[in-house]
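Subject: Handover of a structure and its description

Dear colleague,

Please find below the structure that I am handing over to you. I would be grateful if you kept it open while reading the notes that come after it.

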Amino acid sequence: METRIKLRVQGLTNSQIQSGAYALILAEENGLRRIPIIVGTAEAQSIAIALEEIVPPRPLTHDLFANFSKAFHIQLQEVFIYKFEEEVFYSKLLFVQNGQEIQLDSRTSDAIAIALRIQCDIFTTEEIVKECGVVLEESLFTDEQDFLEKANLEPEDITNAQQLEEWLFSMDSSELKERFEAAIASENYEHAKMYKDELRRREE
């Protein structure tokens, strides 16, 4: 039987490879390896909304899917990323209804967006982790933003525009609001505008 590795969603960053795309970072639950998966803007937005626990005024497609499964008592038991081929990750959704198991193929980005809403487990194989996993060291995104917190970074500490964008993207909305209010209080309007622009981008 193949070894299965449990994963958790660590976050999103701008893709270093593909312009206009994002990297979804899946972390090995009991290890240091990370799997970056390239996702489109729409999927990244849906995943970010779930991570931030934002409730949109009208259900998004992934919200509708989650609501449908709950309404008809169809339990999403797990997401399984079972194959990596030609730079594409393949996933299955395992459902249980009335004791019967049903598997459906899914794009990995869709599967993760749904899993976050239903809060089910995410697994992959040891082979995929070995092939695609990386161990992040002294980078901007190490483990759950520990590096950012320890370094106590401020915008002026970051000279790279792309890293600045990633840094802003990594913060949750409550931290952005706190930083915005602190910048206003200290009359640092340049930083205040930067935080406000990021908050406005998320609202849109």
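The following paragraphs describe what was found, beginning with the chain as a whole.

This is a predicted model, in which local features need pLDDT of at least 70, side-chain atom pairs count only at pLDDT 80 or more, and totals for chains, interfaces and linings use all residues. Residues are numbered from 1 along each chain as its sequence is written, and side-chain values use heavy atoms, with hydrogens and water left out.

**The chain as a whole**

The chain has eight helices and eight strands. Here helices (H or I, at least four residues) and strands (E, at least two) are DSSP runs, numbered from the N terminus. Of the 204 residues of the chain, 43% count as buried. A residue is called buried under 20% relative accessible area, exposed over 50%, and partly exposed in between, with a 1.4 Å probe and protein chains only. A contact means heavy atoms within 4.5 Å. Among contacts between residues at least 6 apart in sequence, 54% join residues at least 24 apart.

Helix H2 comprises residues 61–71, and His-62, Asp-63, Ala-66 and Ser-69 are buried in it. These four cover an arc of only 130 degrees around the axis, which puts them on the same side of H2; the arc is that of the directions from the helix axis to the C-beta atoms. The buried residues of H2 pack against helix H1 (41–51) and helix H3 (108–118).

In H1, the buried residues include Glu-43, Ile-47 and Ala-50. The buried residues of H1 pack against S1, S2, S3, H2, strand S6 (100–107) and H3.

Glu-53, in the loop between H1 and H2, has a phi near 55 degrees, a positive value in a residue other than glycine. At 67% relative accessibility, Glu-53 counts as exposed. His-73 lies in the loop between H2 and S4 and has a positive phi of about 55 degrees although it is not a glycine. His-73 is exposed, with a relative accessible area of 66%.

**The nonpolar cores**

A nonpolar core is a set of buried Ala, Val, Leu, Ile, Met, Phe, Trp, Tyr and Cys residues joined through side-chain atoms within 4.5 Å. Which members of the largest nonpolar core touch the most other members? Of its 32 residues, they are Leu-24, Leu-26 and Ile-35. Among the elements that give two or more residues to this core are strand S2 (22–28), strand S3 (33–39) and helix H4 (126–132). The largest share, six residues, comes from H3. A second, separate core of nine residues includes Trp-167, Ala-183, Ala-192 and Tyr-195.

Leaving aside its neighbours within four places in sequence, Leu-26 is in contact with residues including Leu-7, Val-9, Ile-35, Ile-81 and Ile-112.

**The second largest pocket**

The second largest pocket has a volume of about 440 Å³. On a 1 Å grid over the protein atoms alone, a pocket is an open set of points where a 1.4 Å probe fits, with protein on both sides within 12 Å along at least five of seven lines; lining residues have an atom within 4 Å of a point. Grid points are joined across faces, edges and corners, and a volume is the space filled by probe spheres set on the points.

Of the 21 residues that line this pocket, the closest to its centre are Ala-50, Ala-115, Leu-116, Arg-117 and Gln-119. S1, H1, H2, H3 and strand S7 (121–125) each give two or more residues to the lining.

**Two further buried residues**

Glu-198 lies in helix H8 (residues 189–203) and is buried, with a relative accessible area of 9%. Beyond its neighbours within four places in sequence, Glu-198 is in contact with Leu-168, Phe-169 and Leu-176.

Ser-106 lies in strand S6 and, at 17% relative accessibility, counts as buried. Not counting residues up to four places away in sequence, Ser-106 touches Ser-91, Leu-93 and Ala-111.

Yours sincerely
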